[in-house]
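Here are my notes on the helix packing, plus a couple of residues worth a look. Have the structure open while you read.

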Amino acid sequence: LEQRDRVVRARKDAEAYLREVKAWGEGAVAALAAACTTVGLGEDAVALWREAIELHVKASPATRGSGDGALASYYAQLADALGQLGRTDEAVDAAC
């Protein structure tokens, strides 16, 4: 449990730092989401992937991300994170 506590603290510290230095954007969110997915912080990963998707779509409102490889990747990663949490129906929806 101690190691998990350190990982959770590191995630929170990373987010706080990125926000403080005004570096909190799509790329930073996606990188942190990927790290959370990798280390098993599923709920954090899901929230961050959703935020990355929202930021990406806002950045290209005319297309809403249509035909966009980055957006497709974000949805695939969201599906993976949801799958890790056993939220299969949501994972399938995210993947489609």
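1. A bit of bookkeeping to start. Axes here are lines fitted to C-alpha atoms, for helices over the stretch in contact, and angles run from 0 to 180 degrees between N-to-C directions. Helices are DSSP runs (H or I, at least four residues; strands are E, at least two), numbered from the N terminus. This is a predicted model, where local features need pLDDT of at least 70 and side-chain atom pairs count only at pLDDT 80 or more, while totals for chains, interfaces and linings use all residues. Residues are numbered from 1 along each chain as its sequence is written, and side-chain values use heavy atoms, with hydrogens and water left out.

2. Take H3 (residues 42-59) with H4: their axes come within 9 Å and cross at roughly 165°. H3 and H4 are therefore roughly antiparallel (over 145 degrees; under 35 is roughly parallel, 65 to 115 roughly perpendicular, the rest oblique). The crossing is left-handed, that is, the near helix is turned anticlockwise from the far one by less than a right angle (clockwise would be right-handed).

3. Who touches whom there? On the H3 side the contact (heavy atoms within 4.5 Å) includes Trp49, Ile53 and Val57, and on the H4 side Leu71, Tyr74 and Leu78 are among the partners. By class, the residues divide into 13 nonpolar, two polar and one charged. Nonpolar covers Ala, Val, Leu, Ile, Met, Phe, Trp, Tyr, Cys and Pro; charged covers Asp, Glu, Lys and Arg; the others, Gly among them, are polar.

4. Next, H2 (residues 26-39) against H4 (residues 69-84): the angle is about 30° and the axes are 10 Å apart. That makes H2 roughly parallel to H4. H2 also passes H4 in a left-handed crossing. Glu26, Ala30 and Thr37 of H2 make the contact with Tyr74, Asp80, Ala81 and Gln84 of H4.

5. Gln84 of H4 is partly exposed at 44% relative accessible area (buried is under 20%, exposed over 50%, partly exposed in between; 1.4 Å probe, protein chains only). Leaving aside neighbours within four places in sequence, Gln84 is in contact with Thr37 and Gly40.

6. Not counting residues up to four places away in sequence, Glu15 touches Trp24 and Leu32.
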